[in-house]
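Reader: I would like to learn how to read the local features of a model with some care, taking one kind of feature at a time. Could we begin with charged side chains?

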Amino acid sequence: MINSKHKFNRETTQILLCLIFIVFVHGMLAWIANLPEDVGVDVPSGRLMSLSFAPYRDGFSPIKHKFPLPEHIDEDLGLLADKTFGIRTYSTLGGMESTPDFARKYGVDMILGGWLGDGKEGNAQELEALIKSANAHPDVVKRVIVGNEVLLRNDLDVDSLIGHIRDVKQAINQPVSYADVWSIYLRYPQLFNEVDFISIHILPYWEDEPIDIDRAAEHIQRIFKQVEDKMLSMGLSKPIMIGESGWPGIGRQRGYARPSIVNQTKFIRSMVQVANQHGFDYNLVEAFNQPWKSHHEGVVGANWGLLSIDRKPILSLTGPVSENPNWLVHFSWATILWLVIVAAYFKKLRCFSLPRLLLFLVLGQSFSVCLVTMANFLWLTSYSASQRAYTLFMVSANAALGGLLMQRFHDILIGKPDDRRLAKLLRAVYLIFIPIALYKTHGLALDGRTLSFPNEEFAIPMLGVCGLVVCMWIGLRRFEWQTLAFDRMTGGNLHMPIDKLLACALSIEAVALVMGETKAFMAGYDFIQAHPDFMEGLPFALGYTFQNQQLTTWLLCILILSIPFWFQVPRRRRV
């Protein structure tokens, strides 16, 4: 009796020590990963020269013709008054009519924009309102921009655009310009003659050849000098303003350009330094995150703001910056979820040897971290009812799969006979994830510019396969190639003809993804100008493709998910 009690206390102590050790290691790793970083020189006075201003709240969208209310504009300009000296707007209509009055109230200057599209009637109305507003508010509206990236979108031809610019110049006293990406000005040099100042967009993330954050400031200087030299070569001398520049805080990586809060802050501070050194004006994208942009530009398009859609600060213009200041909350939720799993298996864990106990607990903690990370990321980047429904579905599916995998890990590690019911459930849930993976990869192959990689959504399925292999290896104390077969890992004898078809489809889509991503780079106008020969440009495009860590992680995920479906265990003959 005494020996039994002593053994019980020893096993319980072993479990508790393992729990403390894993929590300590997890906490240390999370703390180190989110230590505040030095991201450059503070912005002088903590205020920027100008910010793009589109006061759309959650549920408001120009696509749905649901425009900002006057009280929204009033409140938002009040929030920005101590962060910027000026704002740039993109439309005079669409709920923006009261903006100059509120800008005057808070002492903020304006670069007033008129939105042009491919509709003559809409353009006429916009230009009429633009002229009227500029003349009515000369103390607030310091400059005017006619059209934004109209030529890039092919909404108007250059002659029609020039006609609109001339009409506005004749009707107002403020300097007038047109705003587009820098290469458009080089492609249509006649624009230099028509505008009072040059307004170019330099967005290193969106370049046809994406720029690494460490070279972004150098890139801005180089492009600015290139545009300036072109202007001087035409015998002109006009002010040049960077009408848009910025860096996304969340979203898909493009080549070397990786979105993050740290990188976003680093870019803004380096951009301000460059502008101060060279004495040019700039406008940063943007004041607030814009969820409606995700309709055309994906998650990355919605996350360029200094403030969130809830009007909370995302980054700081002074001092060190942490990638995830809420890491302790996420760590706590992951730990609580993990302890729930441990509590469910606590009695069964006493029969584990130390190595098997650590393996089981580490797998459980990994699943908890993945689930909390995924739930937070997907919910944060869900901007519609359908996206939120998808988030709930994926969180539920991952939670269900995680629970089934933990049971299978336990059964393998204690040598329990295969459970056919559990095997069927595992197969059913994995067969939910595989078609989704195929659909996502196919979409990425076709649109390699805006869609995000679903790495967070498939972390548990991928780690589950790895965990099953390790548990089988430790449980069987030997390794066989047949161990990699899905039906062997799950404990079933359910191999179906569709398995190899799924594996083949995943492999084909992986190749298509690489080809699609590479093609997306090679199809860019500026890329073609820099590398007109196909064979010369191919290595550069492939380099951008494989430097994308999010892409290579997804390729690895696809590979791991497909491997078990390639292998087949011969069916047992009935006697």
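Reader: Are R88 and E244 buried or exposed?

Author: Burial is judged by relative accessible area, where buried means under 20%, exposed over 50% and partly exposed in between, with a 1.4 Å probe and protein chains only. By that scale R88 and E244 are both buried. A salt bridge requires a side-chain nitrogen of Lys or Arg within 4 Å of a carboxyl oxygen of Asp or Glu, and R88 forms one with E244, with the closest N and O atoms 4.0 Å apart. This pair links distant parts of the chain, since R88 is in strand β2 (residues 86-88) and E244 is in strand β7 (residues 240-245), 156 residues apart. Strands (E, at least two residues) and helices (H or I, at least four) are DSSP runs numbered from the N terminus. The model is a predicted one, in which local features need pLDDT of at least 70 and side-chain atom pairs count only at pLDDT 80 or more, while totals for chains, interfaces and linings use all residues. Residues are numbered from 1 along each chain as its sequence is written, and side-chain values use heavy atoms, with hydrogens and water left out.

Reader: How many salt bridges does the structure hold?

Author: The structure holds 21 salt bridges. One of them joins the side chains of D74 and K105 at 3.2 Å, N to O; because D74 lies in helix α2 (residues 70-80) and K105 in helix α3 (residues 99-106), the pair ties together parts that are 31 residues apart in sequence. Here D74 is buried, with a relative accessible area of 18%, whereas K105 is exposed at 52%. K293 and E286 form another salt bridge, their closest N and O atoms being 3.3 Å apart, and both of these residues are buried. Salt bridges that share partners also join R57, E75, D76 and R311 into one network.

Reader: Which ring does the charged end of R311 sit over?

Author: A charge sits over a ring if NZ of Lys or CZ of Arg is within 6 Å of the ring centre and within 35 degrees of the ring normal. The charged end of R311 sits in this way over the ring of F288, 3.9 Å from its centre, and that of R254 sits over the ring of Y205, 5.9 Å from its centre.

Reader: How is a pair of aromatic rings described?

Author: Such a pair is described by the distance of the centres and the angle of the planes. Rings of Phe, Tyr and Trp (its six-membered ring) pair if their centres lie within 6.5 Å, and planes under 30 degrees apart count as stacked, over 60 as edge-to-face and the rest as tilted. The structure holds 18 aromatic pairs. Among them, Y430 and F486 are edge-to-face, at 5.3 Å centre to centre with 80 degrees between the planes. The rings of F486 and F565 are stacked, because their centres are 4.9 Å apart and their planes at 15 degrees. F486 is buried at 3% relative accessible area, and F565 is buried at 1%.

Reader: Which residues does a cis peptide bond join?

Author: Most residues other than glycine have a negative phi, and most peptide bonds are trans. A cis peptide bond joins V285 and E286, with omega about -5 degrees, and E286 is found in the loop between β8 (281-284) and α11 (294-301). As for phi, the value for N154 is positive, near 60 degrees, and N154 is exposed, with a relative accessible area of 64%.
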